[in-house]
Amino acid sequence: MLTKSIAAGLAGTALLATVAFAQSPTATTDKAPTAAATTTSTTATGQWRTSKMDGLKVYNEANENIGTINDLLMDKSGAIKIAVIGVGGFLGVGEHLVAVPYEKLKFVNEAVAYTGTSAKPGATTTTTTGAATGTDRPAATTTSSTSKWYPDHAVFNASKDELKNMPEFKYSE
């Protein structure tokens, strides 16, 4: 008896739901019809997504990995002012956070050149003279990443030890 009542209730609910969905709404307002919202597509060629900047590696001018970008801080107008860089640690444990002015970072689209003693398979690099230091170092590879939504890496003029000696950045609550 109980199963018949449940089955009848489900059938009635399904029938009422079908009738409710079949009704078309009628306009009861006296307002003039508004123009349909138009969507325009915009292109953002040459723009980077800030969500892709989290975890971006930071190198110094000697192509040494000195940390990763952990966060970007902006002012109330939306301009990015500070990059929070994580230095040292392993998988975020023991990492030292420092705040550096965003305008001091230089973003590079090309991959960092391989600086090991043996040649990287399939890679071609050339040697250039560093203007600031006068030393020879491998040049960046020439593969362009203009279709990516983020740069390959950032460059900041400091050593890992100099960053570790900077005051630790802490988020205020």
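This is a predicted model: local features need pLDDT of at least 70, side-chain atom pairs count only at pLDDT 80 or more; totals for chains, interfaces and linings use all residues.
**Notebook: rings, core and strands**

I started with Tyr171, which comes out as partly exposed at 45% relative accessibility.

**Confidence.** The average pLDDT is 72, and 55% of the residues score at least 70. I then looked at residues 118-145, where the pLDDT is below 50. That stretch still has 35 contacts in the model beyond near neighbours in sequence.

**Aromatic pairs.** How many aromatic pairs are there? I get two. In one, Tyr102 and Phe107 have ring centres 5.6 Å apart and planes at 40 degrees, so I wrote it down as tilted. The other joins Phe169 and Tyr171: the centres are 4.9 Å apart and the planes stand at 85 degrees, so this pair is edge-to-face. Over 60 degrees counts as edge-to-face.

Next I asked myself: is Phe169 buried or exposed? Phe169 is buried, with a relative accessible area of 18%. The cut-off for buried is under 20%.

**The core.** I went looking for the largest nonpolar core and found 17 residues in it. Val58, Ile69, Leu105, Phe156 and Leu163 have the most contacts inside it. Strands S2 (65-74), S3 (80-87) and S4 (96-101) each supply at least two residues of this core. A general reminder for myself: in soluble globular proteins, nonpolar side chains tend to be buried together.

I followed up on Ile69. Leaving out residues up to four places away in sequence, Ile69 touches a list of residues including Val58, Val84, Leu105 and Phe107. Asp54 and Gly55 are also among them.

**Strand pairing.** How do S2 and S3 pair? They run antiparallel, with six bridges. Across that pairing, Asp71 sits opposite Val84 in S3. I also checked the hairpin of S2 and S3: five residues lie between the strands, and Gly78 takes a positive phi near 100 degrees. S3 and S4 pair in the antiparallel sense as well, over six bridges. There, Ala83 has Val100 in S4 as its bridge partner.

**A loop residue.** Last, I looked at Ser159, in the loop between strand S8 (153-155) and helix H2 (160-164). Ser159 counts as partly exposed, at 25% relative accessibility. Which residues does Ser159 contact, leaving aside neighbours within four places in sequence? I found Asn60 and Ile66. Ser159 and Ile66 are 93 residues apart along the chain, yet their C-alpha atoms are separated by 6.5 Å.

Note on methods
Residues are numbered from 1 along each chain as its sequence is written. Side-chain values use heavy atoms; hydrogens and water are left out. Rings of Phe, Tyr and Trp (its six-membered ring) pair if their centres lie within 6.5 Å; planes under 30 degrees apart count as stacked, over 60 as edge-to-face and the rest as tilted. Buried means under 20% relative accessible area, exposed over 50%, partly exposed in between (1.4 Å probe, protein chains only). A nonpolar core is a set of buried Ala, Val, Leu, Ile, Met, Phe, Trp, Tyr and Cys residues joined through side-chain atoms within 4.5 Å. Helices (H or I, at least four residues) and strands (E, at least two) are DSSP runs, numbered from the N terminus. Contact means heavy atoms within 4.5 Å. pLDDT is the predictor's confidence in each residue, from 0 to 100. Two strands pair if DSSP finds at least two bridges between them.
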